[in-house]
Amino acid sequence: MKSTLRNHLNENLPFLKDKKLLIAISGGIDSVVLTHLLKKLDYSFSLAHCNFGLRGKESNKDEEFVKELGETLKAPTFTIKFNTEEFATKNGLSTQMAARELRYTWFEKILKENNLDYIVTAHHKDDVIETFLINLTRGTGLDGLTGIPEVNGNIVRPFLPFIREEILVYATKKKLIWREDSTNSSIKYFRNKIRHKIVPVLKELNPSLLETFYNTLENLKGSQQIVKDQIKNIEEKVISKKNNETYFNIEQLKNLSNPKVYLYELLHNYGFTEWNDILALLDAQTGKKVLSKTHQLLKNRDVLVLTQIENTCTESSKNININTKEINTPIHLTFETVTIPTSSTTMDYKAFDQILFDDINTIAVDLDKIQFPLTIRKWEKGDYFYPIGLNGKKKLSKYFKDEKLSLNDKENTWLLCSNNNIVWVIGKRMDDRFKITKKTTNLLKIKN
């Protein structure tokens, strides 16, 4: 097994040889064998062990085992304890998904703080078929059916050529010591049900299951590459970008042979799952949208507009009293009251008048013309204001149109109001009714 791994590393993962590796080690047989083999092959590595606190004293003993192994092999060892169940409940995740998120976030932190290069895990062939079946059961695309990638960014899995039985034979022959996870035999977890209930039946039906499975996997990877090549060609015709927005041409999408399939390939990396709703956007009215946890897809005339959801604030409005100096939600604003001595009114007026036109993120209003509490809110149908520099009032919808604001820009626009009169379309234009004049003695300077 040592020579097989050496050849595999030299032929397929040669970049690892002179790098500093971080082995994700549970204390179980797979990661322990990987650690011993990489030691024998003279690779430079540290160990990282997560104590998820799910098995009480057993979890603590796993941690102690890894620490002792690190001392024996003279390898720097990092350990951490997580309250996994609390994290899972708080974030609406399964225990296994919570553990995965905690684990990899911590691994990345170790890499950054210790100038390490790659995270190495002990996933093997049996893990690949289990993952395939899990994804198949839950529903997935080609990405979910092509197995666990050997290299995924800075995560490397050099054990993928091996099966569980080979690892067990090696560990037994070399009389290695490892920790047995009692939960591995429980069918409480989905993966264990696949491992103990489904895979044995499949192997009974086909004793050469792993071999035929990997042949199928190679065929799927070939098909996946063809799809990627086609998607790349389609992207050039369908997609355009401006600032932080990505535009998908609806006419071009509808001309494709199967728009739903192409939409999946173009958008699944952004967390979307409701593909029928996304398909329906092609013929929906302007303004309709579909949300994922991280992104928004908005129908705007002849395009779908993809944007990242940045503002996680749930406030739809906020009141501001006269003593407020700063707010951070729903947006950040600072407030400064200035009293102008009568003798210098003209000079200060000119200075603040200049601000009004040179800095769209700062306004100065006549404090005596506004009524507290001020209100911050989103725009509503029928809103109007008197744009400074323009004689007369204007509907906000018309102002947005003239300014060529996208639907996404409109949705992210906040208004500062006094007695429901718009004082400032924040970051864009203030209202002429509240501007300072030569008679102004008290200013309120507001900065976004």
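These notebook entries record what I looked up in the structure.

**Basis of the entries**

I worked from a predicted model, in which local features need pLDDT of at least 70 and side-chain atom pairs count only at pLDDT 80 or more, while totals for chains, interfaces and linings use all residues. Residues are numbered from 1 along each chain as its sequence is written, and side-chain values use heavy atoms, with hydrogens and water left out.

**Entry 1: strands and sheet**

I took helices (H or I, at least four residues) and strands (E, at least two) as DSSP runs, numbered from the N terminus. I counted two strands as paired if DSSP finds at least two bridges between them.

I looked up the order of an open sheet of five strands and found S12-S16-S19-S20-S21, with antiparallel pairing. Its edge strands are S12 (317–320) and S21 (429–430), each of which pairs on one side only. I then followed S12 to S16 (residues 374–378): four bridges join them in the antiparallel sense. Within this pairing, I noted Ile376 in S16 as the bridge partner of Lys318.

Ile23 stands opposite Leu47 in S2. For burial I used relative accessible area: buried is under 20%, exposed is over 50%, and partly exposed lies in between (1.4 Å probe, protein chains only). Seven of the eight residues of S2 (residues 44–51) are buried, so this strand is largely enclosed by the rest of the structure.

**Entry 2: helix H10**

I checked the span of H10 (residues 209–238), which has 30 residues. The expected span of a helix is 1.5 Å times one less than its number of residues. H10 reaches 41 Å from its first C-alpha to its last, close to the 44 Å expected. I recorded buried residues in H10, among them Leu209, Phe213, Tyr214, Gln224 and Val238.

**Entry 3: aromatic rings**

I paired rings of Phe, Tyr and Trp (its six-membered ring) if their centres lie within 6.5 Å; planes under 30 degrees apart count as stacked, over 60 as edge-to-face and the rest as tilted. A search of the whole structure gave 13 aromatic pairs. I next looked at Phe385 and Tyr399, an edge-to-face pair with 5.3 Å between centres and 80° between planes. This pair links distant parts of the chain, 14 residues apart: Phe385 belongs to S17 (residues 384–385) and Tyr399 to H15 (residues 396–402). Phe385 is buried at a relative accessible area of 0%, and Tyr399 is buried at 4%.

I found one aromatic cluster formed by Phe52, Phe82, Tyr104, Trp106 and Phe107.

I also searched for charges over rings (NZ of Lys or CZ of Arg within 6 Å of the ring centre and within 35 degrees of the ring normal). Lys17 lies over the face of Tyr43, 4.4 Å from the ring centre. Lys393 lies over the face of Tyr384, at 4.3 Å from the ring centre.

I located Asn300 in S10 (residues 295–300), where it is buried with a relative accessible area of 10%. Contact here means heavy atoms within 4.5 Å. Beyond its neighbours within four places in sequence, Asn300 is in contact with Thr286, Val305, Ser406 and Leu407.

I defined a polar contact as a pair of N or O atoms within 3.5 Å; within protein, one must be able to donate a hydrogen and the other to accept it, and residues adjacent in sequence count only if both atoms are side-chain atoms. The side chains of Asn300 and Arg301 make such a contact at 3.4 Å. Arg301 is in the loop between S10 and S11 (303–308); it is exposed, with a relative accessible area of 59%.

**Entry 4: backbone geometry**

I noted a positive phi near 60° for Arg301, a residue other than glycine. Lys404, also not a glycine, has a positive phi of about 60°. Lys404 is in the loop between H15 and H16 (407–411) and counts as exposed at 72% relative accessibility.

I looked up cis peptide bonds as well. One joins Thr329 and Pro330, with omega about 0°; Pro330 lies in the loop between S13 (326–327) and S14 (333–339). The bond from Phe372 to Pro373 is cis, with omega near 0°, and Pro373 lies in the loop between S15 (362–366) and S16.
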